[in-house]
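Q: I want to learn how to read helix packing in a model. Can we work through it step by step?

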Amino acid sequence: MIDIDKWTEIYNTVKKHKLRTALTAFGVFWGIFMLVVLLGAGKGLENGIVGEFNIAKNAVFIWTQRTSVPYMGLKAGRFIQMTNDDVAAIRANVPEVAVIAPNNQLNGDFAVNYQTKSAAFTVRGETPEMLQVRPTKVMTGRFINQKDIIERRKVAVVGPRTLELLFKDIDPIGKYINIKGSYFQVVGTFEPVGKGEDIVEDSKIIYLPNTSLQQTFNQPNQVGSLAMTPVAGVPAAVIEDKVKALLMKRHNVAPDDLKAFGSANIEKEFQDIQGLFTGIAGFSWLVSIGTIFAGIIGVGNIMLIVVKERTKEIGVRKALGATPWSIISLIIQESVVITGLAGYTGLLAGTGIIAIIEYFMRKFDVQAGYFGVPEVNLGIALSATILLVLTGALAGLIPATKAARVNPVVALRDE
């Protein structure tokens with residue numbers, strides 16, 4: 001049952017010392033407020049940076065460089081050229097590789113033409129597997145398919161920049177573009193996924209079937225770089241090491257030559273970033289809990305003063321038969337009320353600010369660089385609520401214990 005008398009006493013005590021109670025509770029309010037705002041801002045930073053990842057988060061990229069160590073009679077400084085045979089060997093000997101997408105790029109200065117319009121673009125040879133490594137949204141038509149690869153079809157998939165500079169309001173599907181004197185039929189348009197500078201560069205790409213680029217532009221059997229992802233449950237580092245070891249063996253490269261093949265492990269980079277976010281969240285909790293505990297100390301001190309002010313009253317209660325638990329529960333309940341109200345107000349204020357920022361960023365599609373839409377999840381709110389109850393009980397524990405030990409005879413003699 002609800003003890004109305006206890007709640008009335010708590011109300012009267014808070015009302016009698018409004019300023020003292022408010023100043024004391026502010027520490028708890030500010031700690032919870034800081035916790036919610038800092039964690040929300042940290043989540044916004046995480047959303048912004050993760051949004052920059054427009055590639056599979058477990059992808060591995062490998063490309064060739066020059067050897068730095070002599071090996072098997074071969075001099076250092078030799079350039080390694082990967083081939084289609086290397087791709088077949090990887091598929092046959094590294095079962096941990098789930099997806100492998102070989103690609104080439106058309107180098108040199110040239111312009112792509114459509115009728116009287118021309119502009120410079122990045123032309124890349126790709127395979128259908130590319131979509132599993134670098135997500136891309138096909139807007140109209142289709143992307144490169146396996147039949148294009150097998151038959152070396154002269155088709156192209158163009159991006160937003162090509163549409164803007166060459167086609168304007170014209171539907172490009174079925175039209176032919178001239179790339180270094182060879183004509184390719186546009187079969188699809190795409191839009192890059194993600195945001196940031198990489199998206200701007202990706203919008204300038206024209207994709208061709210990799211085998212068509214090899215044949216048309218005198219790159220027979222050549223592969224410029226590899227993009228891969230591992231099978232489920234296998235770390236990306238495993239396929240990175242195994243593929244590089246296989247390529248070193250196939251191209252007579254010294255096992256300790258670290259410069260012959262370059263690589264990028266996106267999974268490792270993503271894990272490093274996730275570790276940074278964990279550190280930011282930990283720092284936010286540390287600072288906020290420190291502030292909350294400072295508020296707890298203030299509440300505890302106030303409750304000690306309350307106990308001292310009400311010593312005679314407590315003595316009368318005990319003389320009339322009040323149990324120690326009834327005295328303890330009264331003090332702890334008052335402490336929980338003060339910290340609970342202060343903390344819950346801070347929780348509402350912090351959540352409200354994050355919600356307002358989130359609303360306006362989504363409504364007006366605000367792009368703030370590496371800062372994305374902030375969020376406060378339910379887990380944080382529940383954790384903060386539990387923290388409030390615990391801190392309230394902790395703040396009242398010592399004063400409540402002192403009140404329970406009051407000697408009624410001594411208390412009644414106290415003037």
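A: Start with axis distance and crossing angle. In this predicted model, the axes of helix α10 (residues 266-309) and helix α12 (residues 324-363) come within 11 Å and cross at roughly 140°.

Q: What is the orientation of α10 to α12 called?
A: Angles over 145 degrees count as roughly antiparallel. The α10 and α12 pair is therefore oblique.

Q: Which hand does the crossing of α10 and α12 have, left or right?
A: Right-handed.

Q: Which residues of α10 and α12 meet?
A: From α10, take Val-299, Met-303, Val-306 and Val-307. Their partners in α12 are Ile-331, Glu-334, Ser-335, Ile-338 and Thr-339. By class, this contact has six nonpolar, two polar and one charged residues.

Q: At what angle do α3 and α9 pack?
A: Helix α3 (residues 84-93) packs on helix α9 (residues 236-250) at about 130°, with the axes 11 Å apart. So α3 and α9 are oblique to each other. The crossing of α3 past α9 is right-handed.

Q: Which residues of α3 and α9 meet?
A: α3 brings Asp-85, Asp-86, Ala-89, Ile-90 and Asn-93. α9 brings Val-243, Leu-246, Leu-247 and Arg-250. The classes are five nonpolar, one polar and three charged residues.

Q: Where is Arg-91 placed?
A: In helix α3. Its C-alpha atom is separated by 9.8 Å from that of Val-243, 152 residues apart along the chain.

Q: Which residues is Arg-91 in contact with, leaving aside neighbours within four places in sequence?
A: Ile-100 and Glu-129.

Technical notes:
Residues numbered from 1 in each chain as written. Predicted model: local features only at pLDDT ≥ 70, side-chain atom pairs only at ≥ 80, totals over all residues. Heavy atoms only, no water. Axes fitted to C-alpha atoms, helices over the stretch in contact; angles between N-to-C directions. Helix = DSSP H or I, 4+ residues; strand = E, 2+ residues; numbered from the N terminus. Parallel < 35°, antiparallel > 145°, perpendicular 65-115°, else oblique. Left-handed = near helix turned anticlockwise from the far one by under 90°. Contact = heavy atoms within 4.5 Å. Nonpolar A, V, L, I, M, F, W, Y, C, P; charged D, E, K, R; others polar.
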